[in-house]
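Let's take a walk through this fold together. Please have the sequence and the 3D view open side by side.

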Amino acid sequence: MATHPLATDVDGAAAAGRPRPAVTGPAAHGAGSILIDRVSIEFDAARLLVVDDVSLEIKAGEFVSIVGPSGCGKTTLLNLAAGLLPAEVARGTMLVGGKPPRKGNRDIAYMLARDALSPWRTALGNAELGAEIRGVPAGERRTHARELLDRVGLKGFEDTYPKALSQGMRQRVALARTFALDSPILLMDEPFGALDAQTKLQLEDVLLGLWQQQKRTVVFITHDLSEAVSMSDRVVVMSPRPARIIADIDIPLERPRSVRALQKDPLFHRIYAEVWARLEEGLTA
Ligand SMILES: Nc1ncnc2c1ncn2[C@@H]1O[C@H](COP(=O)(O)OP(=O)(O)OP(=O)(O)O)[C@@H](O)[C@H]1O
Ligand SMILES: [Mg+2]
């Protein structure tokens, strides 16, 4: 840990007397938590400041959405958490499950907008792929993957190849694969961004169902405010690049929720309007 620039900078910040963020306690450091403390990301080659002094604390089991204009730095922040960026581009402190980010961190499962399924593997083969790479025994991972395919509504399609699945079905497989990893932290970058409205609503409810049952930590990037508000405990609103946090809004909707049912709930629409107003404020500031 001491060798990681992101980690050593904590001590640097303390020694330099710079203010340290309000870190509320062990919840910010334990398994499943993410702590982002005064993190800036600058791509030196392009001299491009992408993330500017961002602090954010996500507790284990929370569902947090991040919204913000295109190109502001949302994916970059997730990539840093997943250990996919060279440490030297970042300043500040990031702790993922209490440790500096690193590539291949088993605490993290990362799901993207494009399903990225292997075309030569069946739905089952794809659903179990991550677990296979992590060395989970065949019987165990296959049973788990089958259960998850059932949960995402793909019972009967276990032996079907991606080319014979619709885009929504492929994204269901990707969702099953993400949950099959058993990682406490799920990073999801616009996972339903390419889907039609109906399929999206269905998959949002599938995701909420899985999350409500298993309580993983979810960091969910989306351009769809309705999606963010309906699923999340908190919605974090970011400014145009360089990304700063301009609002961090609690979503006081009861759990368990159904995204479909919320579409008719006046409280949901009031909260949606508030988040929208905060986003607009940031865009015009
Ligand atoms: N490896 C990199 N090297 C240089 N610049 C990069 C790199 N990765 C991202 N950027 C730049 O950082 C900025 C933010 O990109 P990022 O992908 O994080 O945006 P985003 O908020 O996810 O946008 P979108 O909503 O469109 O997905 C962009 O200007 C992009 O060109
Ligand atoms: Mg992005």
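The tour starts with a sheet, moves on to a helix and ends with a pair of packed helices. Keep in mind that this is a predicted model.

Begin with the open sheet, which has three strands in the order S2-S1-S4, paired in the antiparallel sense. Strand S2 (48-58) and strand S4 (90-96) stand at the edges with a single partner strand each, so one side of each lacks a neighbour in the sheet. On average, neighbouring strands here are turned by 20° against each other, direction ignored. Strand S1 (residues 34-43) pairs with S4 through six bridges, running antiparallel.

Now turn to helix H7, which covers residues 197-214. Its 18 residues reach 26 Å from the first C-alpha to the last, close to the 26 Å expected at 1.5 Å a residue. Several residues of H7 are buried, among them Leu-203, Val-206, Leu-210 and Trp-211, and also Lys-200 and Glu-204. What covers the buried residues of H7? The cover includes strands S3 (63-67) and S7 (217-221), along with helices H5 (138-151), H6 (167-180), H8 (225-231) and H9 (259-262).

The contact involves Arg-141, His-144, Ala-145, Leu-148 and Leu-149 of H5, with Ala-176, Phe-179 and Ala-180 of H6. The crossing of H5 past H6 is right-handed.

Methods
Residues are numbered from 1 along each chain as its sequence is written. Chains are lettered from A and ligands numbered from 1 in the order in which they are written. This is a predicted model: local features need pLDDT of at least 70, side-chain atom pairs count only at pLDDT 80 or more; totals for chains, interfaces and linings use all residues. Two strands pair if DSSP finds at least two bridges between them. Helices (H or I, at least four residues) and strands (E, at least two) are DSSP runs, numbered from the N terminus. Axes are lines fitted to C-alpha atoms, for helices over the stretch in contact, and angles run from 0 to 180 degrees between N-to-C directions. The expected span of a helix is 1.5 Å times one less than its number of residues. A residue is buried if 20 or more other C-beta atoms lie within 10 Å of its own, exposed if 12 or fewer, and partly exposed in between; C-beta atoms are placed from the backbone. Two residues are in contact if their C-beta atoms, placed from the backbone, lie within 7 Å. A crossing is left-handed if the near helix is turned anticlockwise from the far one by less than a right angle, and right-handed if clockwise.
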